Amino acid sequence: MRSVANKFLLALFLSGSVLQANSQTMDEMWDSRSSDQEHPNIGWFKDAKFGMFIHWGLYSKLAGEWKGKRYYGSGEWIMNQARIPIAEYSKEAATFNPTNFDAEKWAQLAEDAGIKYMVITAKHHEGFSMYDSKVTDFDIVEATPYKKDPMKALAESTRKRGIQFGFYYSQFQDWYEPNGGKNTWDFDESKKDYQQYYNNKAIPQLKELMTNYGPLGIVWFDTPGGLTKEQTNDFIKGLRKLQPNSLFSSRVGHGLGDYRDYGDSEIPATPIKGAWESIYTHNDSWGYINHDMNFKTPREIVHLLAQVASKGGNLMLNVGPDGTGKIPEYSEKFLRETGKWLARNGESIYGSTYGLVPAQPWGVSTSKPGKQYLHVLNRPLDGKLVIPGFNANVKSVAILGGPASVPFKKRGDVLEITLPAGEAANLATVCVVNYAGKLADLDLNAPVSVSNQFEFNSVEAIFGRPQGNTRVRSLTYSHYYGDWKHTTCVTGMQDSSDAITFQLNVLNPGDYQIIAEYSCPEESAKLEGSLHIQNQQYLFRTLRTSEFVKSAPLMFIKHTLATTTFSTPGVYPVVLRPVGSGKELFKLKSLILKPVR
Ligand code: FHN
């Protein structure tokens, strides 16, 4: 029966009809691929490493303000945040006239930034189509004085520069349509017929996008709903017939799709094999907001790119053009600076896989056959990079875009590289270590380096070994609205049988402060905990910071728990546990070892 239903669904798909089913949540985890084989065209994606996301719609014209009230966070959600009735919101189209839009300028910016693929919103949740659609008049050609289709030009301008082009499509949420998902202020959600929405809008529009704009590198689905896993599989099969080479994001739903998208502004805590992508806003909003000036600097973008690449993934960074079609000045400026860094150091990013040198106080690594690229994000005071556990024969070490050979020495399996002076100005210096032999895969249980050559050494929660009820997990929260943040923390420690142990590889003896960076709600404040190191126990009492509520900020404090003296280099375990109260001690983000100067 099932195969008959699927065939029926496939036929319906191609004729534009899809069966309705129970909705699913945005948090639907990546549980299984639509097949075990990778998409035959996944290679360009895994090599590309750096993409540009563009959120551009009617919301860009509102710029985070409605009837004199300013909204913060996701500017593209203003219709929802302000619960603007369709009758009012749709009128905005009559004055949407993006005469500053210039496809060549946007594509050139992407090229200058070292970007290899671009994904732009064809239709976001607001339901307005930013392309010439025959399915609805609520689109940029029929409903605005602009009357042109910007997507045709952008597709051509990117493609001629060798940049893969793709569309973002909100396949379930559509606040303009009576049967689209999640407009609960104009409609009664319980009376909606999602099947009708898929039949009459989502599927016909996806067909238009996958037929009229040339070969698409990616179709980037978002906030899935209204289909079962089986129906999503058939939905995918129907689309594949239109563009077999196009890659589908995992937000098509049910853990399907051709590569995994993490949560908004989320990087996995450990290296991940396979094809995956972290997506970040450039400021705090996807859509343009004129009062959001929190733009990530070139250094922050480069460090973010290095962090993501060191774990094996792609970074797709979003820009939000304004209602006139202009990309914000600081997005242009900072992306171009990033491009200059990539022009010199791109070899360490493009085509790389996750690094085999575990994260160090100085930075992270990426890999290519016979090479480790060491991204120096935090320059050691003595200019010496120490890489413990480098069990391979080093042939040479160079600086990308700099000296072809820099001094290095090996003491056992410890590699030490002397960085040339004057590199500090670089957003991130990259050492390339050419080696023979095979480096072992990453051991996440390896001790974490601690050195007095840095202002501080942050030992992240993921490197802790939990005992008892203790769990290491990613916590999601936001500051404004929809500007999701993720922090991996040690959680669940409530009794003395619960503990977290870190193994510190102390490279330089001396005095160090031991600081816990944690979040602590009122109910856990003033609880006693203990820190155990070098046969010494240090007791402490927690300090209150903030409650853990997903839609509110999760605030952290840096609390000095102990001062200790390491008399010799070596591996030292440090154990944290509650004295025992039955309440969670705190949510530990990191342990910080700060050399006493
Ligand atoms: O609701 C959308 C949001 O507006 C934005 O498009 C992001 C981009 O990843 N996706 C959804 C929230 O995760």
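In the hairpin of strand 26 and strand 27, two residues lie between the strands, and Q534 takes a positive phi near 50 degrees. Strands here are DSSP runs (E, at least two residues), and helices are DSSP runs of H or I with at least four residues, both numbered from the N terminus. The model is a predicted one, in which local features need pLDDT of at least 70 and side-chain atom pairs count only at pLDDT 80 or more, while totals for chains, interfaces and linings use all residues. Residues are numbered from 1 along each chain as its sequence is written, and side-chain values use heavy atoms, with hydrogens and water left out.

Strand 26 covers residues 528-533 and strand 27 covers residues 536-541. Six bridges pair them in the antiparallel sense. Two strands count as paired if DSSP finds at least two bridges between them. Within this pair, I533 stands opposite Q536 of strand 27. Strand 26 also runs antiparallel to strand 29, with five bridges between them. There, S530 stands opposite R577 of strand 29. Strand 29 (residues 570-578) pairs with strand 24 (residues 499-506) as well. That pairing is antiparallel and has seven bridges. N505 is opposite V571 of strand 29. In a regular strand, side chains alternate between the two faces of the sheet.

A separate topic is the open sheet of five strands, ordered 11-12-13-18-15 with antiparallel pairing. Its edge strands are strand 11 (353-354) and strand 15 (393-399), each pairing on one side only. Strand 11 and strand 12 (residues 363-368) run antiparallel and are joined by two bridges. T353 has S367 of strand 12 as its bridge partner. Helix 10 (residues 298-310) packs on the sheet. The helix touches strand 11, strand 12 and strand 13 (371-376), where contact means heavy atoms within 4.5 Å. The direction of helix 10 makes about 55 degrees with that of strand 12. Axes are lines fitted to C-alpha atoms, for helices over the stretch in contact, and angles run from 0 to 180 degrees between N-to-C directions.

An open sheet of three strands has the order 14-17-16, again with antiparallel pairing. Strand 14 (384-387) and strand 16 (408-411) are at the edges with a single partner strand each, so one side of each has no neighbour in the sheet. From one strand to the next, the twist averages 20 degrees. Strand 16 and strand 17 (residues 414-418) run antiparallel, joined by four bridges. R411 has V414 of strand 17 as its bridge partner.

An N or O atom in the side chain of H124 is 2.8 Å from an oxygen atom of the ligand. For the side chain of H125, the corresponding distance is 2.7 Å. For the side chain of D264, the distance is 2.7 Å. The protein covers 94% of the 320 Å² of accessible area that the ligand has on its own. Accessible areas come from the Shrake-Rupley method with a 1.4 Å probe.

Notes: Polar contact = N/O pair within 3.5 Å; in protein donor to acceptor, adjacent residues only side chain to side chain.
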